[in-house]
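The notes are grouped by topic and can be read alongside the sequence and structure.

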Amino acid sequence: MKKSTQSHGELKSQIDIYLQKNHPEICRHWFDEIEPTGIDGGVLNLLVTEPVRRQYLQRTCLSPFTEAAQAVTGRLLAVRFVGEENTNNQTSIDGAPSSGTPNDLEEQLVLSPDYTFETFVVGPGNRLAHAAAVAVSANLGGAYNPLFVHGGVGLGKTHVLQAVCQIVLRQKPTTRIGYLSCQSFSEIFMACVKSGRMQDFRHRFRNLDVLVIDDIHFLSKREQSQEEFFHTFNTLYQAGKQIILSSDASPNDIPDLEERLVSRFNCGLVARVDRPCYETRVAILKSKANLINLNVPDDVLAYIAARIDSNIRELEGALTKVRGYAMANGLAICLDVAKAAIADDRLVFGRSNQPTIQMIIDAVTVYYDIKLSDLMSKRRHKSVALPRQVCMWLARKHTRYSLEEIGGYFGGRDHTTVLHAVRTIGVRREADPDISKAVDRIEGSFVQTTPVV
Ligand code: ADP
Ligand code: MG
């Protein structure tokens, strides 16, 4: 099998098989497009024409590909992902900030080829954000500026932001896009302040065509960064450059954000992403399965989508578990496998008795006779506020979700709201026997019914 005479086609299919077997998590359907162009001085060159894909492979998949290349050739090869036009400077983000220094490349977030508009499923919860993002990418600086996307954890904010970056780069590869997390922005800023390189900082950020900052709520409490961001924002805005931001809360709900920033953030389009409905969840699972070349029967998709409705990242995680379970046991994916995989997961992590957030919600909605949609809504009326707080208290006690995640789950509320709920119910349980009894009864109903696997 380890011949030096493998044709490029053979070599590629052996690498594919090796990766599918040993690193299924990285495999994508577009790997078909990767083409070996020859071994040169101990380096296997793999042609990837799409810059975002090439950069992604170079930055995140080098070691499994190297391992595969070595295993199937029996030679100590290195691997390099190359573009059509240049074979020497392989690691440049062609298309991304072309004026960038190597440093920029390190600090920029890597775009994931998974996060495009083609793979983004549109549903009632994200329709506005999606439409706005498409409009913005077709008319930078001219449609909505800034575009501010907010919502709970795992609801597709980063996906939307990256989809815009990718389509813009596809349309015009020379566009100078600065895409970074809010933490990176703050860190770069603080480093420049320390080393007296503020000129560089300003030059870098104020000459962009598009500034995309993910999780801008992290600016909260960082006064100096807020100040600098304000000026960056104004300079770009006045020059008609596009600004796109994401956050876990609406501008008005980000704690400790300067008023002038709140008003800047509100002056374009503010779009909230909400949790996906069942149909959307099924469609998302389909899209994800397709991306990783996985054939999943409809009843399995339906089963997973019905069970997991908290956030989309978890939905994907369930799909991965099912695939892993099927592979490990040499089975095809079917409903029984899906059930076993998810049950197995609980066993592995010793969570057999751990209620899911869904069980908690079911118990609370039944007890108080309210609708799920009320629980998720922004309504603050006592009749829903108390059950919602009880849900948060129970979720905190019985699940491993963070305050942020729980807040995101309950209609995109921030972690301070959850903390407040947890404290409130804690105090009221002590003080009010009715509440205490109610909580105990709800708790009893789902703790008993938790299946022990
Ligand atoms: P957020 O930034 O809001 O926390 P992400 O954008 O990281 O969430 O999304 C979490 C995961 O869910 C990603 O893998 C993303 O591709 C997927 N996802 C979210 N929304 C959608 C959607 N509408 N269609 C397809 N995948 C989605
Ligand atoms: Mg994100």
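**An enclosed strand**

Strand S7 (residues 242-247) is largely enclosed by the rest of the structure, because six of its six residues are buried. The model is a predicted one.

**S7 and its partners**

- S7 pairs with strand S4 (residues 147-151) in the parallel sense, over four bridges.
- Between S6 and S7 the chain passes through helix H9 (residues 223-238), making a right-handed β-α-β crossover.

**Helix H1**

- H1 covers residues 8-22, which is 15 residues.
- From first C-alpha to last, H1 reaches 21 Å, close to the 21 Å expected at 1.5 Å a residue.
- The buried residues of H1 are Leu11, Lys12, Ile15, Tyr18 and Leu19.
- Viewed down the axis of H1, these buried residues fall within an arc of 125°, so they line one face of the helix.
- In general, an α-helix has 3.6 residues a turn, so residues three or four places apart point the same way.
- The face of H1 turned away from the buried side carries Ile17 and Lys21, which are exposed.
- The packing partners of the buried H1 residues are strand S1 (35-40), strand S2 (43-47) and helix H3 (62-73).

**The three-stranded sheet**

- S1, S2 and S3 form an open sheet of three strands in the order S1-S2-S3, with mixed pairing.
- S1 and strand S3 (78-82) are the edge strands, each pairing on one side only.
- From one strand to the next, the twist averages 25°.
- Five bridges link S2 and S3, which pair in the parallel sense.
- Valine 43 stands opposite alanine 78 in S3.
- H1 lies across S1 and S2 and runs at about 110° to S1.
- H3 packs on the sheet as well, touching S2 and S3, and its direction makes about 125° with that of S3.

Key: Residues are numbered from 1 along each chain as its sequence is written. Chains are lettered from A and ligands numbered from 1 in the order in which they are written. This is a predicted model: local features need pLDDT of at least 70, side-chain atom pairs count only at pLDDT 80 or more; totals for chains, interfaces and linings use all residues. Side-chain values use heavy atoms; hydrogens and water are left out. Helices (H or I, at least four residues) and strands (E, at least two) are DSSP runs, numbered from the N terminus. The expected span of a helix is 1.5 Å times one less than its number of residues. Buried means under 20% relative accessible area, exposed over 50%, partly exposed in between (1.4 Å probe, protein chains only). The arc is that of the directions from the helix axis to the C-beta atoms. Contact means heavy atoms within 4.5 Å. Two strands pair if DSSP finds at least two bridges between them. A crossover is right-handed if, with the strands pointing away from the viewer, the path from the first strand over the helix to the second runs clockwise. Axes are lines fitted to C-alpha atoms, for helices over the stretch in contact, and angles run from 0 to 180 degrees between N-to-C directions.
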